[in-house]
Amino acid sequence: MEMIVGGKRVKKEKTLKVCNPYNGEIVDEVPQGEFPDVDKAISLADEGRKIMKELPIYKRSDILYNTGVLLEKNEKSLTEILVKEVGKTKKEAKGEVLRTAKLFKYASEEAKRVHGETLPFSSLEGSENKIGYYTLEPIGIVGAITPFNVPLSLAAHKVAPAIAAGNAVVIKPATQTPLNTIILGELLLEAGMPEKAISVLTGRGSIVGNALVKDPRIRFLSFTGSVETGENISRNAGMKKLGLELGSNSALIVADSANIDKAVKSTVSGGFSLAGQVCISVQRVFVHEKVYDEFVSKLIQKVKEINIGDPMDDRTTMGPVIDEQNAIRIVEWFKEAESKGAEILTGGSRNYTLVEPTILTNVPLESNLMKNELFGPGIAIRKIKNIEEAIILTNNSVYGLQAGIFTQNVNEAFKVAKSIEAGGIMINEGPRYRADFMPYGGYKKSGLGREGIRFAMEEMSEMKVVCFDIEE
Ligand code: NAP
């Protein structure tokens, strides 16, 4: 595939291979972008941002709506490419495409609600003769850098609000999964996006990504990825607004009054969808001692029903992880926890990139599985005596993206909602729940700022005050 620079397809002699995580087969090749490509894309975007600013809101809205329709029309081919480049199952891939289409349609509505407010100048003594308002203006050029795991939807979380707020966008997808983002760029152009206002640059994060991060013409840099890269970006970004959506090791609490069947279902889907490679995957589960045995035995039963294999096969319910290096690391973390006293109740091994869905109990607090982000199909369980203990354990993390609790006790639910340091608390739902319109982002090392269409649009806007003196 070719990359897109200011709306034009660009080939390069040097390419990067995109491989199928399931079998290592080459799926496609993309250009290996370099610094001059970034510079050119940003120069064109600098013209593109002026075109976008002048574009009436109904036209921005139309582009977004049309993109949603085109995503639906191309659902089959997008699904197939997602399966091949990410290794997610057909069902997961189709879900991502259709969700992304909805996200664009939602953004087309939200675009119509960009507005400011009148300001009460006469509330300030000495300003009685002033009248005015503030308005939101596009920030200019939005730079977007995305991770490998949910490439279409996470690109949409940046591109759609950027367009809704009237900006030009330069996006750099992950090197392992760039194909869907390139197609998204093509669909945006087909939907009417001004050429100069959209670029999709492929190439290494350390070169293309870093050049985007450092360029002062980019006014808002929106990044989703690991904490390590996020910290690197914040050191290099200079004076620009930053949005950082980073990792987590999300916790789920199962109280003694919990609906156990519902909690088990949510733990399985939260822990093993996309082979656990979701930033809000269920990784740590704290279960009340009164319901511990019931919960664990029902969980094991459900986990054994997961069918791992070729993601192209309709019978497969969990595919591979992104590459062998990660598969090796994930299994090493299981072994490390085991060597420190944990018990592996099911799973624990791998075949190339297929890692067995794994449940561990008595996982020590000093193990990687409790402290860091696994980003793989493993769940660490600990028995708790009460909710207070679960709150302490949940907060005992450098991360704070989302958390969940299953309980029938309203006081317990409120206590958890108030005490846990995370951007989202789900009650009788797992931490992996996300609606694309809600404010989404993390406390602590899980990030900076919030996504969710309206909230991202605010971050991608400048506020301007207009004040009239009306004294004659
Ligand atoms: P990653 O290694 O941090 O890469 C993310 C993106 O950053 C890629 O496009 C990468 O390009 C680029 N990059 C790498 N080095 C860079 C640099 N020096 N400057 C600028 N850009 C650079 O993350 P990943 O492994 O793809 O994704 C997994 C991580 O994403 C997990 O930690 C997960 O929790 C997080 N995540 C968070 C959310 C959220 O919403 N909070 C959602 C999904 C995923 P290359 O691919 O070319 O290296």
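**Aromatic pairs**

I searched the whole structure and found two aromatic pairs. I counted rings of Phe, Tyr and Trp (its six-membered ring) as a pair if their centres lie within 6.5 Å. The model is predicted, so I kept to its limits: local features need pLDDT of at least 70, side-chain atom pairs count only at pLDDT 80 or more, and totals for chains, interfaces and linings use all residues. Residues are numbered from 1 along each chain as its sequence is written, and side-chain values use heavy atoms, with hydrogens and water left out.

I took Tyr-106 and Phe-437 to begin with. Their rings are stacked, at 5.9 Å centre to centre and 15° between the planes. Planes under 30 degrees apart count as stacked, over 60 as edge-to-face, and the rest as tilted. Where do the two residues of this pair lie? I found Tyr-106 in helix 4 (residues 90-110) and Phe-437 in the loop between strand 21 (424-427) and strand 22 (443-444), 331 residues apart. Helices (H or I, at least four residues) and strands (E, at least two) are DSSP runs, numbered from the N terminus.

I then looked up accessibility. Tyr-106 is partly exposed because its relative accessibility is 32%. Phe-437 is partly exposed too, at 45%. Buried means under 20% relative accessible area, exposed over 50%, and partly exposed in between (1.4 Å probe, protein chains only).

Next came Phe-148 and Phe-375. They are edge-to-face, 5.8 Å centre to centre, with 90° between the planes. Phe-148 sits in the loop between strand 7 (141-145) and helix 5, and Phe-375 in the loop between helix 12 (368-371) and strand 18 (378-384), so the pair ties together parts 227 residues apart in sequence. Are these two Phe residues buried or exposed? Both Phe-148 and Phe-375 are buried.

**Helix 5 and helix 6**

I checked how helix 5 (residues 151-164) packs on helix 6 (residues 179-190). The angle is about 35°, and the axes are 9 Å apart. Axes are lines fitted to C-alpha atoms, for helices over the stretch in contact, and angles run from 0 to 180 degrees between N-to-C directions.

I listed the contacts, meaning heavy atoms within 4.5 Å. Helix 5 brings residues including Leu-152, Ala-155 and Val-159, and helix 6 brings residues including Leu-184 and Leu-188.

I noted an open sheet of three strands, order 5-6-24, with antiparallel pairing. Two strands pair if DSSP finds at least two bridges between them. Strand 5 (117-119) and strand 24 (461-469) are the edges. Leu-119 has Gly-132 in strand 6 as its bridge partner.
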